[in-house]
Amino acid sequence: MKPVIVVHGGAGRIFKDREEGARSGVTRAAMKGYSILKQGGNALDAVEEAVTSMEDDPHFNAGCGSVLNEKGEVEMDAIIMDGKSLASGAVSAVKCIANPIKLARLVMEKTEHMLLTDHGANLFAKAMGVPEIPGEKLITERSRERWSKNLEDPGTVGAVAIDNEGNVACATSTGGLTNKLVGRVGDSACIGSGGYADNHVGAISTTGHGESMMKVVLARLILYHMEQGMSPMEAADTALNYMKTRVGGLGGVIVVSNSGDWAARFSTKQMSWATVKDDQLHLFSPSDCTVSHLASC
């Protein structure tokens, strides 16, 4: 099996002053994940590395750069899933953690649980030796400015991959919604909504209006359509259209099938994304969001 990775940096309007940062950010994340796959690494490591890269990039609403809740604080959600075993780990409403996706993987591998939240998740992080950082270090000037004006930013980062062994994985991480209620948890920590991975079908990571995605269980819905014979693109479009018509929700998804086919689809105005397959990098064009053949890896 030839390895493939697809990443997204959030669905929604991409402002002109953020275009170049979004392009370079998703490119860097995709290349880091693909480097692991190219060297024979597994899909889980690849998606974790890709999402970590975007959590560390202030251009994205995850990790450093997360939007602020109603109290002006950062609360983050993340999920990771292994398509081979269906094992999954997630955290929600966590604070003072640089990389929630790494903590989600520890939940998957070091506990018998699938989701830890808020204070309990932070206690677990401390027990695992994950360093706590001051919450202010996660807050950018842009996030604080847009919080004060109650302006939304494109949300959520994610990655899906298939490795040389045919194993798939997904990872999703977010700071959520600007001015959300304290303790609000969106789709990104919820298995089947913010992401899903199953070697029998493929892997999905979602972005957009979390409450809408939870209502239709968007990630698993896409895999259901693929099980019925649809291509990743057809399945993604069908599910996104259903979410729009049924509950009025907009969003975006990235998909990789167990045969290595991929798709990056959205019902919002824009979505930042990048993919590497057959050593070729493809990524979004901010002007029209069509595939852009930027470079050979």
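The largest pocket holds about 240 Å³ of space. This is a predicted model. The pocket lining comprises 22 residues.

**The largest pocket**

- Glu152, Asp153, Gly155, Leu177 and Gly208 are the lining residues nearest the pocket centre.

- Helix α4 spans residues 118-127, and its buried residues are Ala121, Asn122, Phe124 and Ala125.
- These residues sit on the same side of α4, because they cover an arc of only 160° around the axis.
- An α-helix has 3.6 residues a turn, so residues three or four places apart point the same way.
- The face of α4 turned away from that buried side carries the exposed residues His119, Lys126 and Ala127.
- The cover over the buried residues of α4 includes strand β3 (88-94), helix α3 (100-110) and strand β4 (115-117).
- Just after α4 comes Gly129, with a positive phi of about 80°.

**Phe124, a buried residue of α4**

- Phe124 belongs to helix α4.
- Its relative accessible area is 12%; Phe124 is therefore buried, since the cut-off is under 20%.
- Phe124 touches Leu103, Leu106, Val107, Lys110, Thr111 and Leu116, leaving aside residues up to four places away in sequence.

- Helix α5 covers residues 141-148, with Arg142, Ser143 and Arg146 buried.
- Seen down the axis of α5, the buried residues fall within an arc of 100°, so they line one face of the helix.
- Glu141 and Ser148 are exposed on the other side of α5.
- Lys149 lies in the loop between α5 and strand β5 (157-162).
- Lys149 has a relative accessible area of 51%; it counts as exposed because the cut-off is over 50%.
- Lys149 and Thr178 are 29 residues apart along the chain, yet their C-alpha atoms are separated by 9.7 Å.
- Asn150 follows α5 and has a positive phi, near 55°.

**Phe60, a buried loop residue**

- Phe60 is placed in the loop between helix α2 (43-55) and strand β2 (76-82).
- Despite its place in a loop, Phe60 is buried, with a relative accessible area of 3%.
- Beyond residues up to four places away in sequence, Phe60 touches Gly9, Gly21, Ala22, Gly25, Val26, Met54, Gly65, Ser66, Val157 and Ser272.
- Phe60 and Phe15 are 45 residues apart in sequence and 12 Å apart in space, C-alpha to C-alpha.

**Thr275, a buried strand residue**

- Thr275 is part of strand β11, residues 271-277.
- Its relative accessibility is 0%, so Thr275 counts as buried.
- The Thr275 side chain reaches the backbone oxygen of Ile5 at 2.7 Å.
- Ile5 is also one of the residues that Thr275 touches; the others are Val4, Val6, Trp262, Gln280, Leu281 and His282, not counting residues up to four places away in sequence.

- Asn179 has a phi near 60°, a positive value in a residue other than glycine.
- Asn179 is found in the loop between strands β6 (168-174) and β7 (195-198).
- At 25% relative accessibility, Asn179 is partly exposed.
- Asp278 likewise is not a glycine, and its phi is positive at about 55°.
- The loop between strand β11 and strand β12 (280-284) holds Asp278.
- At 40% relative accessibility, Asp278 is partly exposed.

Conventions:
Residues are numbered from 1 along each chain as its sequence is written. This is a predicted model: local features need pLDDT of at least 70, side-chain atom pairs count only at pLDDT 80 or more; totals for chains, interfaces and linings use all residues. Side-chain values use heavy atoms; hydrogens and water are left out. Helices (H or I, at least four residues) and strands (E, at least two) are DSSP runs, numbered from the N terminus. Buried means under 20% relative accessible area, exposed over 50%, partly exposed in between (1.4 Å probe, protein chains only). Contact means heavy atoms within 4.5 Å. The arc is that of the directions from the helix axis to the C-beta atoms. A polar contact is a pair of N or O atoms within 3.5 Å; within protein, one must be able to donate a hydrogen and the other to accept it, and residues adjacent in sequence count only if both atoms are side-chain atoms. On a 1 Å grid over the protein atoms alone, a cavity is a set of points where a 1.4 Å probe fits but cannot get out, and a pocket is an open set with protein on both sides within 12 Å along at least five of seven lines; lining residues have an atom within 4 Å of a point. Grid points are joined across faces, edges and corners, and a volume is the space filled by probe spheres set on the points.
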